Amino acid sequence: MERREMAVDVDVLVIGAGACGLAAAIAAHDAGVSAAILEKMDRPGGNSSLSTGSVPAANSRFQREAGIKDDPETYVRDLMGIAKETDDIALVRRMAEVSAETVEWLVDDVGARLKLVTAYKHIGHSVPRLHAPVSRRGQDLVDDLLAAAERREIPVAVGNAVRDLIVEDGAVVGAVVENQGARSELRARKVILAVNGFAGNPELVRRFCPEIAGAQYFGALGSTGEAVIWGEKLGAGFANMQAYQGYAAVADPHGGLLSWTTIEKGGILVGEDGRRFGDESLGYSGYARVVLEHGQRAYAIFDQKIFDIAAQEEEFLELANYGGVKKAESPEALAAFYGLDADALAAEIAAYNAAASGSGADAQGRKDFGLGPLQAPYFIARVVPGLFHTQGGLRVDGDAHVLRPDGGRVPNLFAGGGAAAGISGRAGALGYASGNGLLSAIALGRLAALAAAREIQEETR
């Protein structure tokens with residue numbers, strides 16, 4: 001991507017070049033208005049690139065072709081079943097309702113190479129509804145979005161940091177942009193905030209998500225909370241600010257994600273003492289806090305049949321090839337890799353296997369054992385808990401207009417992705433279901449662009 005000065009007016013100015021921003025610009029262009037994207041980092045992608053590229057959809061044609069019955073109401077029940085509470089149930093319903101058309105738009109209009117994932121369904125989904133690149137790499141989805149933007153000749157200006165929004169008479173009319181130390185103004189009829197969240201801003205994390213403030217941050221470097229800062233200056237409303245996406249199993253010291261398939265399919269996590277410390281079926285996001293409270297590191301244990309399923313994911317295979325996953329024929333040999341208590345680990349696996357076989361209740365309360373019990377050969381990976389993304393932000397309506405606390409709109413301003421309130425519940429990480437972030441990013445980005453285009457066309461008649 002080239003660095004370029006942006007000194008011309010555009011109909012729709014998109015701030016941020018992750019999946020949300022790219023989707024917004026593409027949708028705006030296709031709706032007949034001009035769009036340009038500003039990205040403060042040296043390359044597009046943000047947290048979208050670091051994800052698995054999974055976008056959930058209820059009642060997509062791909063589900064129907066696979067014989068999977070699903071509908072938005074089921075999806076809403078699934079989401080609220082884990083989230084329990086939300087500041088904005090209307091947004092949850094809206095995202096579920098547009099989820100299928102969003103995925104089909106990605107495939108049909110954008111050219112995204114997404115396939116319905118049927119090998120597993122992650123936490124929060126009662127049926128397979130994740131649509132993802134075969135590689136399970138978010139960068140592949142970002143590349144497809146970038147290619148679509150390039151075909152449309154949409155400017156994507158990297159290295160252009162927005163320092164502030166231009167506000168006149170209460171309406172947002174553009175942005176103050178900094179490029180290599182020089183500042184300029186770019187004016188637009190509509191502005192869409194598609195920046196990342198605030199997980200990379202320790203002060204904001206301590207303020208809004210204190211329970212996970214001690215975890216390492218593994219998300220995109222640009223997640224510094226501009227939307228929160230600008231929104232407060234504008235008097236905007238906020239929702240679900242205590243919600244976040246954690247990850248309980250970041251490979252240590254490699255930094256990549258250990259596929260949660262290894263745990264969801266029946267693997268376990270033990271501490272430095274070789275013993276389990278909770279119910280892993282809480283999911284990769286919700287369990288992050290549990291790992292953080294238990295200690296600095298944990299160890300994932302699984303077996304060959306689980307390894308073979310996880311090996312369908314490129315990132316997992318790379319981790320294994322780099323030595324991040326080690327193999328042994330016995331619990332004692334497994335413990336030796338990291339100096340764990342061999343007797344404790346062997347006893348823990350035996351107790352877990354007894355519960356998985358139906359011989360008794362699990363001591364940690366787990367009821368879903370996947371492909372358990374575990375059998376030799378075994379595998380082990382050392383992991384740490386991480387914070388990846390905040391899930392709250394600016395309150396928006398069903399077309400992504402930014403709202404004030406009284407429900408009125410901030411004129412000309414839209415938000416999606418990490419800038420907007422998400423659908424992962426009011427607080428904590430238990431409400432995060434796989435794909436929540438990308439669905440909110442792409443769906444809200446597209447909806448914002450369509451609404452902005454309609455308004456521009458009405459205003460300029």
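Biologist: Hi! Where does Asn-59 lie?

Modeller: Hello! This is a predicted model, and in it Asn-59 lies in the loop between strand S3 (55-56) and helix H3 (61-65).

Biologist: What is phi of Asn-59 near?

Modeller: Phi there is near 70°, which is a positive value in a residue other than glycine. Most residues other than glycine have a negative phi.

Biologist: Is Asn-59 buried, exposed or partly exposed?

Modeller: Asn-59 is partly exposed, with a relative accessible area of 30%.

Biologist: And where is Asn-412, with its phi near 75°?

Modeller: Asn-412 lies in strand S19 (residues 409-415). Its phi is a positive value too, again in a residue other than glycine.

Biologist: New topic, cysteines. How many disulfides does the count come to?

Modeller: The count comes to 0 disulfides. Cys-20 is in none, and the nearest cysteine sulfur, that of Cys-209, is 19 Å away.

Biologist: Are Cys-20 and Cys-209 buried or exposed?

Modeller: Cys-20 counts as buried, at 4% relative accessibility. Cys-209 counts as buried as well, at 2%.

Biologist: Let's do helices. How far apart are the end C-alpha atoms of H14?

Modeller: They are 21 Å apart. Helix H14 covers residues 342-356, and its 15 residues should span 21 Å at 1.5 Å a residue, which agrees.

Biologist: What caps the N-terminal end of H14?

Modeller: Asp-341 does: one of its side-chain oxygens lies 3.1 Å from the backbone nitrogen of Asp-343. After H14 comes Gly-358, whose phi is positive, near 90°.

Biologist: Which residues of H14 are buried?

Modeller: They are Ala-344, Leu-345, Ala-346, Glu-348, Ile-349, Tyr-352, Asn-353, Ala-355 and Ala-356. An α-helix has 3.6 residues a turn, so residues three or four places apart point the same way.

Biologist: What covers the buried residues of H14?

Modeller: The cover includes strand S13 (268-270), strand S14 (298-303), helix H13 (331-336) and strand S16 (378-390).

Biologist: At what angle do H5 and H15 pack?

Modeller: Helix H5 (residues 89-110) and helix H15 (residues 436-459) pack at about 85°, with their axes 9 Å apart. That makes H5 roughly perpendicular to H15.

Biologist: Which residues meet there?

Modeller: From H5 they include Leu-91, Met-95, Val-98 and Trp-105. Among their partners in H15 are Leu-439, Ile-442, Ala-443 and Leu-447.

Biologist: Last one: where is Val-134, and is Val-134 buried or exposed?

Modeller: Val-134 lies in the loop between strand S5 (130-132) and helix H6 (138-151). At 57% relative accessibility, Val-134 counts as exposed.

Biologist: What is Val-134 in contact with, leaving aside neighbours within four places in sequence?

Modeller: Val-134 is in contact with Arg-113, Lys-115 and Gln-312. Val-134 and Leu-116 are 18 residues apart in sequence, and their C-alpha atoms are 9.1 Å apart in space.

Conventions. Residues numbered from 1 in each chain as written. Predicted model: local features only at pLDDT ≥ 70, side-chain atom pairs only at ≥ 80, totals over all residues. Heavy atoms only, no water. Disulfide = S-S within 2.5 Å. Buried < 20%, exposed > 50% of the residue type's maximum accessible area, 1.4 Å probe, protein only. Helix = DSSP H or I, 4+ residues; strand = E, 2+ residues; numbered from the N terminus. Expected span 1.5 Å × (residues − 1). Contact = heavy atoms within 4.5 Å. Polar contact = N/O pair within 3.5 Å; in protein donor to acceptor, adjacent residues only side chain to side chain. Axes fitted to C-alpha atoms, helices over the stretch in contact; angles between N-to-C directions. Parallel < 35°, antiparallel > 145°, perpendicular 65-115°, else oblique.
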